[in-house]
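I opened a new notebook page for this model. I wanted to look at its core and its backbone angles.

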Amino acid sequence: MPAWISCAPYEQLLGMEILKAEDGEAHLQMPFRRSLAQGAGLMHGGALVSLADTAVVMAIKSIVAPGTHFATISLESRFLRPVKQGLIQAMARVSERRDAILKGQCEILDEGGLAVMSFGSVFKIARDAMVRDVRFDDVPLSQTVLPPSR
């Protein structure tokens with residue numbers, strides 16, 4: 001499982017760690033960092049959504065065949081309380097699978113174990129072979145950033 005995060009630069013950037021991913025469930029964590037805060041000093045909602053989405057992905061990867069490609073096609077998040085510090089936990093599970101559609105649920109908890117966000121998402125397994133050919137191996141991460149516009 002850690003290899004899935006190690007090949008995903010965005011998840012590395014956020015500091016995500018996979019603690020468990022098996023039998024359609026996943027447990028990930030991510031530290032609060034100042035670089036992930038919004039203007040008021042609270043963890044940015046986008047960082048929390050990214051953690052939840054990735055946690056559901058790991059839960060799905062634990063039950064699909066290796067090499068299966070899929071993508072989020074919809075998601076919904078409900079923010080329950082702010083995150084100001086600490087280690088954030090994501091508890092995810094696959095809640096439904098029907099043909100090429102998978103649904104997942106995730107609860108994000110703060111360091112004290114209080115729910116800070118609830119999340120639901122829908123994924124679709126890719127049928128297009130073009131998706132399978134996307135690679136970043138030959139492009140250094142530093143070269144993937146667009147130059148500033150003039």
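**Entry 1: the core.** I worked from a predicted model. I looked up the largest nonpolar core and found 36 residues in it. Leu-28, Cys-106 and Ile-108 have the most contacts inside this core. I then checked which elements give two or more residues to the core. They are β1 (17-22), β2 (25-31), α3 (45-61), β4 (87-98), β5 (101-109) and β6 (115-125). The most comes from α3, which gives 11 residues. I noted the general background too: nonpolar side chains tend to be buried together in soluble globular proteins.

**Entry 2: Ile-108.** What does Ile-108 contact, leaving aside neighbours within four places in sequence? I listed Leu-48, Leu-51 and Ala-52.

**Entry 3: positive phi.** I turned to the backbone. Most residues other than glycine have a negative phi. I found Asp-23 with a positive phi, near 50°. Asp-23 sits in the loop between β1 and β2. I looked up Asp-99 next and read a positive phi of about 55°. Asp-99 is not a glycine either. Its place is the loop between β4 and β5.

**Entry 4: exposure.** The cut-off I used for exposed is over 50%.

Notes. Residues are numbered from 1 along each chain as its sequence is written. This is a predicted model: local features need pLDDT of at least 70, side-chain atom pairs count only at pLDDT 80 or more; totals for chains, interfaces and linings use all residues. Side-chain values use heavy atoms; hydrogens and water are left out. A nonpolar core is a set of buried Ala, Val, Leu, Ile, Met, Phe, Trp, Tyr and Cys residues joined through side-chain atoms within 4.5 Å. Buried means under 20% relative accessible area, exposed over 50%, partly exposed in between (1.4 Å probe, protein chains only). Helices (H or I, at least four residues) and strands (E, at least two) are DSSP runs, numbered from the N terminus. Contact means heavy atoms within 4.5 Å.
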